[in-house]
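The entries are in the order in which I looked things up.

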Amino acid sequence: MRVLIVGASGFVGTALRGAFGPTCSGTYFQHAEPDLLPLDIRDRQAVEGLVGEIQPQLIIHPAAQPHVDWCEDHVDESYAVNVAGTLNVAHAARAVGARYFFFSTDYVFDGAAGPYGEQASPRPLNVYGRHKLEAEQRVAEVLPDHLIIRVCGVYGWEKQAKNYVMGLLARSRRGEKTTPPSDQWGNPTYADNLAEAVCELATLPASGVLHVVGPEYLDRVRFSRLICEVFDLDPALLQPKTTAELYQRAARPLRGGLDTTKARSLLKTRLISPREGLQRMRQRLQAEGILP
Ligand SMILES: NC(=O)c1ccc[n+]([C@@H]2O[C@H](COP(=O)([O-])OP(=O)(O)OC[C@H]3O[C@@H](n4cnc5c(N)ncnc54)[C@H](OP(=O)(O)O)[C@@H]3O)[C@@H](O)[C@H]2O)c1
């Protein structure tokens with residue numbers, strides 16, 4: 001199957017490349033990599049040109065502007081990538097008859113009553129969530145054969161070290177404290193496990209919306225303590241605060257998170273617990289010489 005990953009240079013995109021293997025094509029925007037092709041999804045002609053050239057049978061689209069607080073202050077820029085850019089890729093997928101997998105988020109919900117099933121009514125609290133929801137809705141209009149994969153709390157090895165676990169590891173090794181929000185809940189999701197699940201979804205006739213995350217629902221403090229346990233870090237460096245005390249720019253859905261009942265009934269790939277995911281991550285960091 002000819003697979004194109006749009007946003008292959010990002011965190012989830014890199015894990016997807018690992019799972020789909022070297023035969024898939026992928027794109028980058030600002031972080032060039034030797035095997036990837038440059039693409040700005042805001043440029044409709046460029047998207048059409050590249051997709052027309054590759055003629056993929058499946059387009060997987062993790063590309064986004066996912067920085068929630070930045071989006072809050074850059075509404076037009078967020079819209080250009082997260083909505084208009086997404087639609088450019090969806091139209092190009094339709095033009096070549098490709099299946100289309102789009103990545104979305106639990107931030108489409110308000111966090112009053114998570115974890116949420118696929119049928120729950122969205123009510124985003126911030127610009128990023130509103131734009132991802134609009135993208136979901138417009139994709140569904142453009143392409144009947146689409147799969148919207150909602151995820152949250154993705155962690156694992158990452159070159160840019162942006163994800164929560166990489167950040168906590170780096171700070172702890174420097175002896176710096178971490179302030180986990182004590183009232184934010186979600187499902188920690190191991191990136192490589194997510195990518196394995198997406199690989200399997202490529203072989204199944206799945207469509208519509210699907211929540212693909214880790215099976216356990218927990219708050220950031222419990223998750224942070226587990227990280228400290230698995231990586232032998234000093235838990236005294238954790239200094240929990242409430243979301244209100246953190247003064248984050250964009251409002252957060254506090255009890256966000258996603259219900260995985262549907263994904264678990266569809267997939268043979270086992271969605272792994274945070275403990276197992278963190279242990280796999282530790283082994284990987286050791287194998288790559290990043291950890292002793
Ligand atoms: N990570 C999480 O915990 C999480 C949680 C919920 C939902 N999600 C969703 O999952 C998806 C993947 O997230 P991620 O963590 O992998 O994000 P990421 O690491 O920031 O990667 C984003 C990707 O999008 C590309 N990109 C950004 N602007 C672009 C543009 N104008 N044109 C083309 N490509 C562009 C980036 O390219 P360059 O890096 O080369 O510039 C990168 O490859 C996103 O849809 C996000 O909303 C992630």
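The notes below start with the whole chain and end with single residues.

**Entry 1: the whole chain**

I note at the outset that this is a predicted model. I counted 11 helices and 11 strands in the chain. I then looked up the radius of gyration, which is 18 Å, close to the 19 Å that the globule rule gives for 292 residues, so the chain is as compact as a globular protein of that length. Along the principal axes, the C-alpha atoms fill a box of roughly 55 × 40 × 35 Å. I find 45% of the 292 residues buried. I also checked contacts between residues at least 6 apart in sequence: 79% of them join residues at least 24 apart.

**Entry 2: the ligand shell**

Which residues come nearest to the ligand? I listed 27 residues around the ligand, and Gly10, Val12, Phe29, Gln30 and Ala64 come nearest. Two or more shell residues come from each of α1 (11-20), α4 (75-96) and β5 (99-105). The element that gives the most is α1, with three residues. Sorted by class, the shell holds 15 nonpolar, 10 polar and two charged residues.

**Entry 3: the nonpolar core**

I took the largest nonpolar core next and found 72 residues in it. Leu16, Ala93, Ile149, Ala191, Leu194 and Val198 have the most contacts inside this core. Helix α7 (residues 191-201) gives the most to the core, with six residues. I followed up Leu16: leaving out residues up to four places away in sequence, Leu16 touches Ile5, Ala8, Ile60, Pro62, Ala195 and Val198.

In α6 (residues 164-173) I marked Val165, Met166, Leu168, Leu169 and Ser172 as buried. Why do they sit on the same side of α6? I looked at their directions around the axis: they cover an arc of only 165°, which puts them on the same side of the helix. The buried residues of α6 pack against β7 (154-155), α8 (220-230) and α11 (274-287). After α6 comes Gly175, with a positive phi near 80°.

For α8 my list of buried residues is Arg220, Phe223, Ser224, Leu226 and Ile227. Seen down the axis of α8, these residues fall within an arc of 160°, so they line one face of the helix. They pack against α6, β11 (218-219) and α11. Just after α8, I noted a positive phi of about 55° at Asp232.

Where is a cis peptide bond found? I located one that joins Gly114 and Pro115, with omega about 0°. Pro115 is in the loop between β5 and α5 (127-142).

Ala161 is not a glycine, but its phi is positive, about 55°. I placed Ala161 in the loop between β7 and α6. Is Ala161 buried or partly exposed? There are 13 C-beta neighbours inside 10 Å, so Ala161 counts as partly exposed.

Tyr247 is not a glycine either and has a positive phi of about 50°. I find Tyr247 in the loop between α9 (243-246) and α10 (261-266). With 7 C-beta neighbours inside 10 Å, Tyr247 counts as exposed.

**Entry 4: two loop residues**

I looked up Asp145 and found it in the loop between α5 and β6 (146-151). Asp145 has 12 other C-beta atoms within 10 Å, and a residue with 12 or fewer is exposed, so Asp145 is exposed. What does Asp145 touch? Not counting residues up to four places away in sequence, Asp145 touches Arg99, Tyr100 and Ser207. I also took the separation from Gly97, 48 residues apart from Asp145 along the chain: the C-alpha atoms are 9.3 Å apart.

His74 is in the loop between α3 (68-73) and α4. I counted 15 other C-beta atoms within 10 Å of His74, which makes this residue partly exposed. His74 and Pro180 are 106 residues apart along the chain, and I find their C-alpha atoms separated by 25 Å.

Key
Residues are numbered from 1 along each chain as its sequence is written. This is a predicted model: local features need pLDDT of at least 70, side-chain atom pairs count only at pLDDT 80 or more; totals for chains, interfaces and linings use all residues. A residue is near a molecule or strand if its C-beta atom, placed from the backbone, lies within 6 Å of it. Helices (H or I, at least four residues) and strands (E, at least two) are DSSP runs, numbered from the N terminus. Ala, Val, Leu, Ile, Met, Phe, Trp, Tyr, Cys and Pro count as nonpolar, Asp, Glu, Lys and Arg as charged, and the others, Gly among them, as polar. A residue is buried if 20 or more other C-beta atoms lie within 10 Å of its own, exposed if 12 or fewer, and partly exposed in between; C-beta atoms are placed from the backbone. The arc is that of the directions from the helix axis to the C-beta atoms. Two residues are in contact if their C-beta atoms, placed from the backbone, lie within 7 Å. A nonpolar core is a set of buried Ala, Val, Leu, Ile, Met, Phe, Trp, Tyr and Cys residues joined through C-beta atoms within 7 Å. The radius of gyration is taken over C-alpha atoms; the globule rule is 2.2 Å times the number of residues to the power 0.38.
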